[in-house]
Amino acid sequence: ILFFCLFFAFRKIKPSFLISYFYSFTDEFHQHFIPGRTARLRDTFFDLAGIIIGLLIIKFLLKKSILK
């Protein structure tokens, strides 16, 4: 969802991708300090998978001229 919001704000894929993935790292860092939560690198990979799926959807919609 963050990737979509950033894409519609910037209308550029690269900054949207980088900011979204950076946010996943900061979220994991934050969880390290919360009792009962753990920070795991693999969770950032799940976030990355969601970002990539969002990227593919955006590219598909741009190709079909649904988004302009």
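This note comments on selected features of the predicted model shown above.

1. Basis. The model is predicted: local features need pLDDT of at least 70, side-chain atom pairs count only at pLDDT 80 or more, and totals for chains, interfaces and linings use all residues. Residues are numbered from 1 along each chain as its sequence is written, and side-chain values use heavy atoms, with hydrogens and water left out.

2. The largest pocket. Its volume is about 190 Å³. A pocket here is an open set of points on a 1 Å grid over the protein atoms alone, where a 1.4 Å probe fits, with protein on both sides within 12 Å along at least five of seven lines; lining residues have an atom within 4 Å of a point. The volume is the space filled by probe spheres set on the points, which are joined across faces, edges and corners. Helices α1 (2-10), α2 and α3 (41-63) each supply at least two lining residues; helices are DSSP runs (H or I, at least four residues), numbered from the N terminus. Among the lining residues are F3, S20, D27, D47 and I51.

3. Residue S20. This serine, in helix α2, is counted as buried because its relative accessibility is 5%. Buried means under 20% relative accessible area, exposed over 50%, and partly exposed in between (1.4 Å probe, protein chains only). Leaving aside neighbours within four places in sequence, S20 is in contact (heavy atoms within 4.5 Å) with L2, F3, L6 and I51. The C-alpha atoms of S20 and T38 are separated by 20 Å, the two residues being 18 apart along the chain.

4. Residue Q31. Also assigned to helix α2, Q31 is buried, with a relative accessible area of 10%. Residues up to four places away in sequence not being counted, Q31 touches R37 and T38.

5. Nonpolar surface patch. F25, L41 and F45 make a nonpolar surface patch of about 300 Å². F25 belongs to helix α2 (residues 13-31) and is partly exposed at 36% relative accessibility.

6. Backbone points to inspect. Most residues other than glycine have a negative phi. R11, in the loop between α1 and α2, has a positive phi of about 60 degrees and is partly exposed at 42%. S65, in the segment after α3, has a positive phi near 60 degrees and is partly exposed at 43% relative accessibility.

Notes:
Patch = residues over 30% accessible without salt bridge, like charges linked within 9 Å, V, L, I, M, F, W, Y side chains within 5 Å. Areas by Shrake-Rupley, 256 points an atom, 1.4 Å probe, with all protein chains shown as cover. Salt bridge = Lys/Arg side-chain N within 4 Å of Asp/Glu carboxyl O.
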